[in-house]
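Here is a short report on one model.

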Amino acid sequence: MAVALETERKELENQTKDIEEMISLLKQLTRDEKREVKGIMIGLQMAKQAGLTA
């Protein structure tokens, strides 16, 4: 159980680092650029759900 908790903690740390990096990048974009990025992310998610991407 301790190993599982440690693995989960490390995963959360990695996710936090990813989120911090994404927020930093997003802060540098204009409103229109953010809208484009959001559209790309939604498209990727839809393709993933449809089984078109790995």
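Arginine 35 is exposed, at 52% relative accessibility (buried is under 20% relative accessible area, exposed over 50%, partly exposed in between; 1.4 Å probe, protein chains only). Aspartate 32 is partly exposed at 46%. The two form a salt bridge, with the closest N and O atoms 2.9 Å apart (a side-chain nitrogen of Lys or Arg within 4 Å of a carboxyl oxygen of Asp or Glu). Arginine 35 and aspartate 32 sit 3 residues apart in helix H2, about one helical turn.

This is a predicted model: local features need pLDDT of at least 70, side-chain atom pairs count only at pLDDT 80 or more, and totals for chains, interfaces and linings use all residues. Residues are numbered from 1 along each chain as its sequence is written, and side-chain values use heavy atoms, without hydrogens and water.

Salt bridges with shared partners join Glu6, Arg9 and Glu13 into one network. Arginine 9 meets glutamate 6 at 2.4 Å, N to O. Arginine 9 also pairs with glutamate 13, at 2.1 Å between the closest N and O atoms. Glutamate 13 and arginine 9 are 4 residues apart in helix H1.

## Overall form

The protein chain has 2 helices and 0 strands (DSSP runs, numbered from the N terminus: helices are H or I, at least four residues; strands are E, at least two). Its radius of gyration is 16 Å, well over the 10 Å from the globule rule for 54 residues, so the chain is more spread out than a compact globule (C-alpha atoms; the rule is 2.2 Å times the number of residues to the power 0.38). Of the 54 residues, 2% count as buried.
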